[in-house]
Amino acid sequence: MLLRFFVGYLFCVGLVASLSAAEAPELASVLTTRYAPYANWQSVVDVDALAQRSESRYWHTAEEIALQRGDSDLPLAGLHIALDPGHIGGQWAAAEGRQFRIAENDFYVREGELALVVAQLARAKLVALGANVTLVREAAVRVNPKSPVDYLELAAEQISLPKEPSLSALWAYGGALRARAVHLSIVKGDLMERARLVNREIQPDALISLHINAAAWPTENESASEASESAKFRLVGTNNVHALIFGCLSDGELQTGNQLEQLAVKLTNGSGPTERLLGGALATALAEATELPAARYRRNNAILLSSQQPYLFARNLLLLRMAECPTVLLEPYISNSVGAYGRLQSALANRAADRALAEDDILLQYADAVVAGVRACYGQE
Ligand SMILES: [Zn+2]
């Protein structure tokens, strides 16, 4: 009862002290197994100093939320979840490299728009279970208020001037400048603005970033100069699922900008264990719903955290690193695979024609799995 009162008090004043600080050996262990398994972190991270830090946090653990929940409350009452529909879609879909179709009569597959549909479906279901849900974006528009034009100067600092005074070199320079300004605005700048919104304004208990994965297009036929567009855009056979949480910094990243400080925050604010629980629950729910195999990483840019949970990896992505609350990024399906493309087309066709959704609607399946994962992690009494 006392504990309940205490947690209630913290909820009221909106200030939550850090979880009991991690011990140095514990920090060393997670650095070796999750946060920097392929890097020489010992040369840049002082675990004794880290163990002294006490980091404040704006989010609550599943236990704290459950303590507040009454017997007659809905199963997710008291939980505030932020859903981030990955990418943007709309007029930016082509520039962000998240748009394709196989045939001219097909619907465009735009990851940003599909992720938004999934987020809206998941929100309705989570709200019905008592959760408070905030979407990081509500439409196919930039979250970052700065447009590509605002980044032209910065882009010019990063792109070297043409080496020769030819018209073709000038064209190439102009293209590179534009591409960099667009990237700075709608990719990097947008992700940074999403992280700022989450940390400063939304301040949820957890953030789930929704994506649909895609594979590199098959290249065998590309060398043939006659290769038609359709031969180039051939669907791949592989279709799989994985989920990501923060970790796996390289030596270079540990030396880059403020990544070391961001690592220190994430290591000491207690987000790590909740990320593993939520990430595991969401990965399991997606695996069960889709019955697809787990993705694999062939390089050292991600690490499988446990052979018991083959769907959950740690990876150093900007949003995973910069969002201070427990954050999980989902990558179910390979959108340009034989297994997923047709299902995406029928999901888009049914929505365009305002028809009832198919029983195996792929976006509904995704949203249901998100809800099941959230419920498994946060729904306990
Ligand atoms: Zn994506």
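Asp190 and Arg194 are four residues apart in helix α7, so about one helical turn separates them. Helices here are DSSP runs of H or I with at least four residues, strands are runs of E with at least two, and both are numbered from the N terminus. The two residues form a salt bridge, with the closest N and O atoms 2.7 Å apart; the term denotes a side-chain nitrogen of Lys or Arg within 4 Å of a carboxyl oxygen of Asp or Glu. Both Asp190 and Arg194 are buried, that is, under 20% relative accessible area, where exposed means over 50% and partly exposed lies in between (1.4 Å probe, protein chains only).

The model is predicted: local features need pLDDT of at least 70 and side-chain atom pairs count only at pLDDT 80 or more, whereas totals for chains, interfaces and linings use all residues. Residues are numbered from 1 along each chain as its sequence is written, and side-chain values use heavy atoms, with hydrogens and water left out.

Arg194 also forms a salt bridge with Asp84, in which the closest N and O atoms are 2.8 Å apart. Because Arg194 belongs to helix α7 and Asp84 to strand β1, this pair ties together parts that are 110 residues apart in sequence. Arg194 and Asp84 are both buried. Side chains of opposite charge can pair when their charged atoms come close. In total, the structure holds 15 salt bridges. One of them joins the side chains of Glu64 and Arg57, at 2.8 Å from N to O, and both of these residues are buried as well. Elsewhere, a network of salt bridges links Arg34, Lys266 and Glu275.

Seven strands make up an open sheet with mixed pairing, in the order β4-β1-β5-β9-β6-β8-β7; two strands are said to pair if DSSP finds at least two bridges between them. At the edges stand β4 (132-135) and β7 (302-304), each with a single partner strand, so one side of each has no neighbour in the sheet. From one strand to the next, the twist averages 25°. For such angles, axes are lines fitted to C-alpha atoms, for helices over the stretch in contact, and the values run from 0 to 180 degrees between N-to-C directions.

Within the sheet, strand β6 (residues 241-246) pairs with strand β8 (residues 312-315) in the parallel sense over four bridges. In this pairing Ala243 stands opposite Leu312 in β8, and Ile245 stands opposite Ala314 in β8. Strand β6 also pairs with β9, here in the antiparallel sense over four bridges, and His242 stands opposite Glu331 in β9. Strand β6 is mostly covered, since six of its six residues are buried. Strands β7 and β8 pair in the antiparallel sense over three bridges; Ile303 stands opposite Ala314 in β8.

Contact here means heavy atoms within 4.5 Å. Helix α14 (residues 362-378) packs on the sheet too, touching β1, β5 and β9 (327-332), with a direction at about 160° to that of β5.

Together with Leu167 and Leu170, Trp171 makes a nonpolar surface patch of about 410 Å². Patches are made of residues with over 30% relative accessible area and no salt bridge; like charges are joined within 9 Å, and nonpolar side chains (Val, Leu, Ile, Met, Phe, Trp, Tyr) within 5 Å. The accessible areas come from the Shrake-Rupley method with a 1.4 Å probe, and for residues only the protein chains shown count as cover.

Gln203, found in the loop between α7 and β5, has a phi near 45°, a positive value in a residue other than glycine. Its relative accessible area is 36%, so Gln203 is partly exposed. Asp354 lies in the loop between α13 (338-352) and α14 and has a positive phi of about 60°, although Asp354 is not a glycine. With a relative accessible area of 72%, Asp354 is exposed.
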